[in-house]
Amino acid sequence: MASKSEYITKGILLCLGGIIIAFFPNIISWILYVIGGIIILGSIGTLISTAGEGSPMLGGSLTGIIIGGVIVYLPNIISVHIPLIAGIVVAVSGVIRLISTLSKNDDGRNNKISIIWAVAMILIGLFFVFNPLKVSSAVRLLIGIFLIGSGIFDFIMAYIVDKRIKNESNNPTQPEIIDINSFTVDN
């Protein structure tokens, strides 16, 4: 089982990613434009600075310019295929969560909530995959909300893990094992 801090860290990252995707989608595009531009300008600078020396960096500079161009064009590729990509990612995440939940032996309320969430993820993912043209900016918003919901779910899991750890440490029926050196202990 993951620790409380792992769930909290994952929850924070998912919530931040969800907020950025849902409410500030242009940030990602601008970051890619800046990175691509820096690579292109750096490659052109290298090409110019080594031009008098027989162009020993010609291949590397041209490769850098091409890579920079791909990075600059990447937001256009992502925006065209985002419903399909998101659908696949969400559906696979739902299947993984469902398998993980069903493999546990816990029959409590938390298990039922996790199964419902996993099935919802699968259904949402399949909807995105089979209707990519009908889904546009709403997908971006839904993905952001989904990531925020997953982050909140991880915060809940951190609370549950913390509660279980406290209950196990306060349970006097289970003795604490301090050290074992191949001896048997009889009560």
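Mentor: Let's begin on the surface: Ile19, Ile20, Phe23, Phe24, Ile27, Ile28, Ile31, Ile35, Leu141, Leu142 and Ile145 make up a nonpolar patch with about 920 Å² of accessible area together. The model is predicted, so local features need pLDDT of at least 70 and side-chain atom pairs pLDDT 80 or more, while totals for chains, interfaces and linings use all residues. Numbering runs from 1 along each chain as its sequence is written, and side-chain values use heavy atoms, without hydrogens and water.

Trainee: What makes a patch, and which elements give two or more residues to the nonpolar patch?

Mentor: Patch residues have over 30% relative accessible area and no salt bridge, with nonpolar side chains (Val, Leu, Ile, Met, Phe, Trp, Tyr) joined within 5 Å and like charges within 9 Å. A salt bridge puts a Lys or Arg side-chain nitrogen within 4 Å of an Asp or Glu carboxyl oxygen. Areas are Shrake-Rupley values with a 1.4 Å probe, and for residues only the protein chains shown count as cover. Here the elements are α1 (4-23), α2 (26-49) and α5, and α2 gives the most, 4 residues.

Trainee: Is Ile27 buried, partly exposed or exposed?

Mentor: Buried means under 20% relative accessible area, exposed over 50%, partly exposed in between (1.4 Å probe, protein chains only). Ile27 has 39% relative accessibility, so it counts as partly exposed. In α2, Ser29, Leu32, Gly36 and Ser43 are buried.

Trainee: Which residues form the largest nonpolar core?

Mentor: A core joins buried Ala, Val, Leu, Ile, Met, Phe, Trp, Tyr and Cys residues through side-chain atoms within 4.5 Å. The largest has 8: Ala86, Val90, Met121, Phe128, Val135, Ile143, Phe146 and Leu147.
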